[in-house]
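Have a look at it first.

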Amino acid sequence: MFFRILQKESVSDLIKGLAQTREVIGPRAKGSEFVFDVIENPDDIVLDYTTTLLPPKKYFLKSKEEMMRYNSKTGQVSEDEVAVEPRVLFGVHPCDINSLLLLDKVFLGDYVDPYYKARRENTLIVGVSCMPTQMCMCNAFGTGEVHDGFDLFLTDLGDSYYVTCQTAEGANLIDKYCETRAVEPADVDALQARIKKFNEAFVPAPDTSEIPLLFDAKYDDPMWEEIGDPCLACGACSMVCPTCYCFNVRDVQDADGVSGTRVREWDSCCFSDFAEVVGGHNFRPKRSDRVKYRFYHKQWGYLSRYGEVLCVGCGRCNTACKVNINPRRVLEALTKGGEE
Amino acid sequence: MAVNSSEVFRSLGVNPYRPWPARITSITKLTEKEKLFEIRLIDEEVRNAFTFESGQFVELSIFGVGEAPISISSAPSKQGFIELCVRETGTVTGALHKKQCGDIVGLRGPFGRGFPFDDMKGHDILLVAGGLGIAPLKSLINHIHDERHEFGKVTILLGARTPNEILFRRQFDMWKHREDFNLYMTVDHADETWDGDEGLVTQLFDRIEVNPDNTYGAICGPPIMYKFVFQEMRKKDLDVEKIFVSLERKMKCGMGLCGHCGVGHQYACIDGPVFSYWEAMNLQEAM
C-alpha cells in the first residue's frame, strides 16, 4: 500500500483516463437526491454527496437478471457467459465498500455465484470519504472505515485528496492518468484533523453489546409487535439495503410454450409469502414475525455464520421506511431496560 | 461428511444454479395424492458423480414452472437413479404429477445435511414417521436395510390419517412379518380394510422397549407431530443429541444464498434439513 496526494482539479483527468478503457460509474445528482449512474461527463460526478438512493449492490446483484435459457422438452440449459465490460465504481463510501465485502462472503463462499463473481472481478472500486448524516450509524458497526475491498481510496483534505493505493492496478492507473505528488507531513496532519472531524460529526451510536444474546432473551418481547406490526410489507428496506441479498427465482416461458428464461429478482423477507411453503403453511404469518426475522438475521444469523453483523449503518432503510422501522430503533429497544 | 456430488460439481466450476436434464423412468401411484417418481440423470458423467446421503434433498425443475426442494426417498446404496415421493400440492409438484414416464425434468443437488448414518451404525434405531414424513425417512430405512448387519434392533413407528393414505403400504405390509424390523403402524381413522392399531403414532410408544444408552432416534412428519413424539422419546430417556428431525422450509436455492429457508439464525438448506433435537431446540422458529 502506498499514498499520494491528488489535487481536486486533477480528479477529472483521472476519470477521463479511466473512461478510455472502462465504463465509469459514480454518484451524480438526481433531483435533490443522488444515484449511482454511468458518468458520461466527468463534471457530472458529485464526490461530496451524502448517500445514494440505491447502494452499489445493483451493479453486482442485479434487481432482475436472466440466469439461463432452457428448453423444457429436452431439459437442455444454456448459459451465456456473464458478459461484463470492464468498469470502475468511482466514489464509493466506506459503508458501501464494506457491504460488498459482506456480500462476497455469501456469493463467493462455499457455492460460488458465477453472475456475482463475473461482475465483481470486472469492477474496480475507487472509494471516497464522507461526512456522516443524521441517518448514519456506521459508528455502531465500525464500517465507517475501510481496510480492504478497494483499489484506490480518496480521503478529502479540502483542496486535495489523500489517496490510498490498495492494489497495484489502482496505483498504476493513478500514475498513468493524473498528476499526483508525494505525501508531506502537513498532509498527514490534515488527514488526522479530518478523521477527528468525521468522528465528532456522528449522532452517538446505539449500544451494540451482547446484541445476539439480547435478541434471544427478548425474542418474545412485546417490543416486536410494537415495532413490527405497522410494517407495510413493501420491501423498501431490503431494496435500498446494501447487504440484503435474498432473491427469488422464476421461469418466464416463451410464447412457443417450450423454451423460456429462468430469471431472478430481488426479494424481501418482509414480503408476506417469503417463508410460505407449498400447502400454504407460512412460517412467518405476522408482519412483526417478518420484521423480527429481518433484524435477527442481520444482527445474529449472519454473524453466527460469517462472524460479522450484516448491517453497515448506511441509514438508507431509515429514510426508506415509511413507518419508522430501522436498526437504531431496534437496537435501542433491545438494549433498553436493566437500569438500577 | 461424505463428499457428495454438489462438491464434485463445485470443484468442476459448474454453475451451481444449473439444473441437469433427467428422465422420469418410472411412476408409481402410491395414494390419491402421492406418486413415487424414479428419475435418472441423462448425462452419464453427471449421473456417476451424483451421490447423496439419506435426508438430503434435490431441487427439481419443471421448466416453465419452477423449482421445488424434494427429499430423496431411495437409499444411497442404490445408484444410477433416485426416487422422489411427491404429494401434489403446489405448482411444481402439480406439474410433476402431470408428467409421463419418459418426460424430462431438471435436477440440481443433492443439498443439505442428511442423517448421521455412520454415527448411527452399531446402535439400535427408532424411526418415527407421520404422513408424508416417511418420504425422507424411507431413504434411511432402506439404507439401514441394505446394511442391516451394522445395526442393532431397528424399530419403525408409522402413522397415517387413514389406511388409504399409508405410503409404501405394500412394502411395509410385507415387513410386518420380518423379524429383523419391529414395525408398528397406526391410523387416525380406521376403515373396514384395517385390522391394525387406531390412534396417534405416540400411542405406539407404550408397545416398544428402548435401550436409552444405545439408541438413535429420527422423526419426520407434520410440524405438530415433532413436539409430541419428542416428549415420548424423552420419556424413554433418549439423548437429545441422538434424536434427529428433518425440518421443512422453503429451500429455493439449496445453497444458503437466496435466504428463503431461514430458520432462526441458520438456513435449513445448508445447516439442515436434518438437525439433532438439541440443535433444533436452540433454533428460534424451529419447533
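Where in chain A does A:Glu210 lie? A:Glu210 is in the loop between helix H5 (185-200) and helix H6 (211-217) of chain A.

## Ground rules

This is a predicted model, so to speak: local features need pLDDT of at least 70, side-chain atom pairs count only at pLDDT 80 or more, and totals for chains, interfaces and linings use all residues. Residues are numbered from 1 along each chain as its sequence is written, chains are lettered from A and ligands numbered from 1 in the order in which they are written, and side-chain values use heavy atoms, leaving out hydrogens and water.

With 51% relative accessibility, A:Glu210 counts as exposed (the cut-offs, with a 1.4 Å probe and protein chains only, are over 50% for exposed, under 20% for buried, and partly exposed in between). A:Ala233 isn't a glycine either, yet has a positive phi of about 55°; look for A:Ala233 in the loop between helix H7 (223-228) and helix H8 (236-240) of chain A. Helices here are DSSP runs of H or I with at least four residues, strands are runs of E with at least two, and both are numbered from the N terminus.

Chain B has cis peptide bonds to check out. One joins B:Gly109 and B:Pro110, with omega about 0°, and B:Pro110 sits in strand S6 (residues 104-111) of chain B. Another joins B:Gly272 and B:Pro273, with omega about 10°; B:Pro273 falls in the loop between helix H8 (268-271) and strand S15 (274-276) of chain B.

## The sheet in chain B

Six strands of chain B make an open, antiparallel sheet, ordered S4-S3-S6-S1-S2-S5 (two strands pair if DSSP finds at least two bridges between them). Strands S4 (66-71) and S5 (82-87) of chain B are at the edges with a single partner strand each, so one side of each has no neighbour in the sheet.

S5(B) pairs with strand S2 (residues 34-41) of chain B over six bridges, in the antiparallel sense. In that S5(B) strand, B:Val86 is the bridge partner of B:Lys35.

## Where the chains meet

The contact (heavy atoms within 4.5 Å) takes 47 residues from chain A and 39 residues from chain B. Across the interface there are three salt bridges, meaning a side-chain nitrogen of Lys or Arg within 4 Å of a carboxyl oxygen of Asp or Glu. B:Glu285 forms a salt bridge with A:Arg284, and their closest N and O atoms are 2.7 Å apart.
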